[in-house]
Amino acid sequence: MSAPAPSVLWLRRDLRVGDHPALLAAQEAAGATGTVALFVLDPALWAGAGPVRRAWLSASLRALDGDLDGRLVLRLGDPAEVVPAVLAEVGGSSVHVSRETTGYGARRDGRVRAALPDGGAGWVETGTPYAVGPGRVRNGSGDPYKVFTPFSRAWREHGWPAPAPRPSHLDLLELRSDPEAERLLDEASGADDLPELPEPGETAALRRWQSFLEEDLPTYHLDRDRPALEGTSRLSAYLKIGALHPRTLLADLTGETGEGAERYVTELAWREFYADVLHHRPDSAWRDLRTELAALRYEEPEDAVEAWRQGRTGYPMVDAGMRQLLATGWMHNRVRMVTASFLTKDLHVWWPVGARWFLERLVDGDVASNNHGWQWVAGTGTDAAPYFRVLNPVSQGERFDPDGDYVRWWVPELRHLAGSAAHRPWDHPDGYAHGYPRRLVDHAEERREALARHAAARR
């Protein structure tokens with residue numbers, strides 16, 4: 001048996017210390033020789049992340065560095081060059097990662113492994129960012145699930161391991177960080193036009209989770225669709241970056257009874273389902289998963305799309321959501337569906353246009369959840385809502401924001417309208433008294449147009 005040698009823990013979507021199987025494996029392999037905690041700023045991912053996700057990554061890495069006693073090593077470059085170089089720098093023998101299952105991530109990891117000594121013999125994958133690794137839940141024929149409900153049932157039956165214990169100590173090696181990587185992170189944190197980001201880091205994530213468990217979980221099933229209420233966990237940004245693992249949440253939900261807990265587990269299952277779909281169909285990241293509407297005719301109305309982005313469509317619920325996105329880097333899930341429906345069904349724009357904007361501005365921007373959520377609304381993805389289900393932005397507002405509080409908060413031009421009147425400024429003599437824009441389109445007419453285009457595409 002060979003003597004222990006230093007190990008490299010290559011961090012990606014697992015920026016935490018607790019419930020981190022790959023960290024434990026790296027420390028066990030290295031013993032007293034020590035582990036390098038490495039994050040590689042990959043130019044290919046950095047360039048496409050957008051200012052909000054870059055700022056969130058920067059803040060999260062700074063928080064993790066604090067948890068690691070200032071020993072997080074930052075390097076910039078192609079991981080296939082950087083990771084082997086760091087391993088050689090410390091005379092190490094193993095590289096430890098959480099398994100990646102996205103198309104790009106799997107290809108990148110294959111290149112890194114091939115670049116390691118001895119054909120990648122020291123490459124060790126332990127755990128994934130999910131409770132159940134994508135690809136593991138299959139139907140009786142061994143095929144992946146295409147519909148959520150049976151997947152959710154099988155996912156629950158499959159189960160998941162208990163959270164990994166928090167390490168009692170950290171044997172981390174000190175290496176210099178790349179000054180250019182440091183500069184890029186500082187630049188990202190100070191970029192113009194950034195929203196107010198959540199408090200970063202594992203400690204903040206756990207504190208938010210405990211608050212939700214104690215205060216909001218019992219009524220989650222009732223309040224989760226009400227954007228004016230603090231009824232959701234707001235953990236999506238932490239889950240995206242790996243400051244928190246879903247296995248931790250599921251463990252804490254064990255023994256919880258009631259519809260709130262049941263519904264929250266279902267929402268975690270949706271996240272895992274979309275990751276599984278992307279694993280099996282990486283092409284669905286930017287292409288229609290289902291091809292029945294391949295002939296659908298779309299528009300490219302630049303002015304209307306820009307009005308949608310800025311929250312100036314003239315439909316209060318849509319505009320409130322888009323302004324919330326710009327101001328906070330987050331949007332309530334119900335409102336995400338309403339705004340997505342408006343772009344795809346009222347403006348007749350292909351869903352990737354909206355998906356790209358969301359990824360540009362969302363702090364929790366995740367390709368699997370974001371893009372497949374857009375396809376669900378557009379009618380081209382998994383469990384697709386029938387294309388003829390066109391969400392009415394007015395009735396959706398009146399149903400889920402009945403007092404108009406959400407609209408009035410994000411659309412100050414309508415604060416003079418009491419109650420649900422905020423959803424129909426055109427019905428009031430002074431509805432436009434404070435500069436709120438007129439409606440871009442007539443929803444009823446565009447709904448008819450959307451149905452006509454759908455019928456033509458299916459002939």
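Biologist: With which side chain does the side chain of Thr380 make a polar contact at 2.9 Å?

Modeller: A polar contact is a pair of N or O atoms within 3.5 Å; within protein, one must be able to donate a hydrogen and the other to accept it, and residues adjacent in sequence count only if both atoms are side-chain atoms. Here the partner at 2.9 Å is the side chain of Gln375. The side chain of Asp288 also makes a polar contact with that of Thr380, at 3.4 Å.

Biologist: On what basis are such values given?

Modeller: This is a predicted model, in which local features need pLDDT of at least 70 and side-chain atom pairs count only at pLDDT 80 or more, while totals for chains, interfaces and linings use all residues. Residues are numbered from 1 along each chain as its sequence is written, and side-chain values use heavy atoms, with hydrogens and water left out.

Biologist: Is Thr380 buried or exposed?

Modeller: Buried means under 20% relative accessible area, exposed over 50%, and partly exposed in between (1.4 Å probe, protein chains only). Thr380 counts as buried because its relative accessibility is 1%. Thr380 sits in the loop between helix H17 (367–378) and helix H18 (393–400); helices (H or I, at least four residues) and strands (E, at least two) are DSSP runs, numbered from the N terminus.

Biologist: Which residues is Thr380 in contact with, leaving aside its neighbours within four places in sequence?

Modeller: Contact means heavy atoms within 4.5 Å. On that basis, Thr380 touches Asp288, Leu289, Arg290, Leu293, Trp351 and Gln375.

Biologist: Which residues of helix H6 are buried, and what do they pack against?

Modeller: In H6 (residues 148–158), Phe148, Phe151, Ser152, Ala154 and Trp155 are buried. The buried residues of H6 pack against helix H11 (246–253) and helix H12 (259–280). Just after H6, Gly159 has a positive phi of about 75 degrees.
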